[in-house]
Amino acid sequence: MNKLLKRPAEILRCTVTEPAVKLSDVKWIRDRGLDHAVAREKNLKPLLNIKNLIKSEPSKSLPITIITQQKDSLQIPIRPMEFIRRYPSVFQEFLPGNVGVQPHIKLTPEVLDIDADEQLVYQSQSYRQVVAGRLLKLLMISQMNKITLTMIDLLKWDLGLPDDFLTSLVPDFPDYFRAVGYQNKHERCSGFDLFGELELVCWSNDFAVSVVEKKAKAKGIDGENIMFSMNFSSGFEIDKKMKKWMDNWQKLPYISPYENATHLLPKSDESDKWAVAIMHEVISLFGAQKVEREKLLCFGNYLGIRSWFKRALLNHPGIFYVSNKSGMYTVVLKEAYKRGSLIESDPLMN
């Protein structure tokens, strides 16, 4: 079934024009619903990091000193004991029988039940097919048909990948991708311990269709007339100059994120629309339909178009929302949310 790697032979050519507006013309306002969507998950990642660390121990418990020593790698934002005591439904503090022993932390029965459900999601064939498809699409978006394992590790939380994706997922999809330049010295993928790349094995025309294209096709809209959904936050005001520019921008030919359009001028409206297409598709691959801005820009840097991503984020408040409610900037795909909640649920996020 292996085929030669193949990218589309022809890409859409369009007249290159300079942007009609300055970035300073776009005024951003707060969106309370989306800020709330970001804020309510502010401590989810460190909480799950601690949970996974405790679960990995044979005794299913850890002295608080060990957690404190790993505060930075666990991404705990405050003093570890203070953080743990905020969540009595998740963590239990206890003292072992020996006198003078430091407090130990274990997981509540309720959390262990939820963790068991989480593992069932990871193991289900339907979910494995979904996340393998996300990885395949990410590889096809990459201009080199390969992505470093450190980059994938950076995005694995957002993609919904298990920690051990290299051993538990990748080998089961040999017609999609393969790991190269990697030696299995660790049972668990762990950040900078990763070397090598994930390489595309076979280009798939079925997967090389963006979410935007699928929605347009369902409405009977052909490729060249595809427009992005615009959802402006309450109170957003747009002047005539900006309205005219946005209307003209929407009428530009849509270039698929799976096509190579790096020939376009970096500061043109055409390159801006292509960058939006890539960011829209990438964020659509994430279960929460949002991602830390620095992660997104890091991926843009890997593609060689970081500045294009930065410009697109600033210029399109109707498509993307940037919140700082989690202590860091988070990019939210606006059309994926309604009243601060995800429209389409994700099993792992649930």
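On the face of helix 5 that is turned away from its buried side, the exposed residues P109, D113, L120 and Q123 are found. Helix 5 covers residues 109-123, and its 15 residues reach 21 Å from the first C-alpha to the last, close to the 21 Å expected at 1.5 Å a residue. The buried residues of helix 5 are V111, D115, E118, V121 and Y122. They lie on the same side of the helix because they cover an arc of only 110 degrees around its axis. What covers these buried residues of helix 5 includes helix 2 (44-55), strand 3 (104-107) and helix 6 (125-141).

Of the 350 residues in the chain, 47% are buried, while the chain exposes about 18,400 Å², of which carbon and sulfur atoms supply 52%. If we take the contacts between residues at least 6 apart in sequence, 70% of them join residues that are at least 24 apart.

In helix 12, which spans residues 293-303, the buried residues are K295, L296, L297, F299, G300, Y302 and L303. Helix 12 is followed by G304, which has a positive phi, near 85 degrees.

Strand 9 covers residues 330-333, and T330 has its place there. Is T330 buried or exposed? T330 counts as buried because its relative accessibility is 6%, and the cut-off for being buried is under 20%. Leaving aside the neighbours within four places in sequence, T330 is in contact with V38, with K290, V291, E292 and R293, and with Y321, V322 and S323.

It remains to ask how much confidence the predictor places in these coordinates. The mean pLDDT of the chain is 87, and 88% of the residues reach 70 or more. Over residues 185-193, however, the pLDDT is below 50, and this stretch has 14 contacts in the model beyond near neighbours in sequence. Residues 1-20 likewise have a pLDDT that stays under 50, although the model has 56 contacts for them beyond four places in sequence. Where pLDDT is low, the predicted coordinates should not be read in detail.

Terms used
Residues are numbered from 1 along each chain as its sequence is written. This is a predicted model: local features need pLDDT of at least 70, side-chain atom pairs count only at pLDDT 80 or more; totals for chains, interfaces and linings use all residues. Side-chain values use heavy atoms; hydrogens and water are left out. Buried means under 20% relative accessible area, exposed over 50%, partly exposed in between (1.4 Å probe, protein chains only). Contact means heavy atoms within 4.5 Å. Accessible areas come from the Shrake-Rupley method with a 1.4 Å probe; for residues, only the protein chains shown count as cover. Helices (H or I, at least four residues) and strands (E, at least two) are DSSP runs, numbered from the N terminus. pLDDT is the predictor's confidence in each residue, from 0 to 100. The expected span of a helix is 1.5 Å times one less than its number of residues. The arc is that of the directions from the helix axis to the C-beta atoms.
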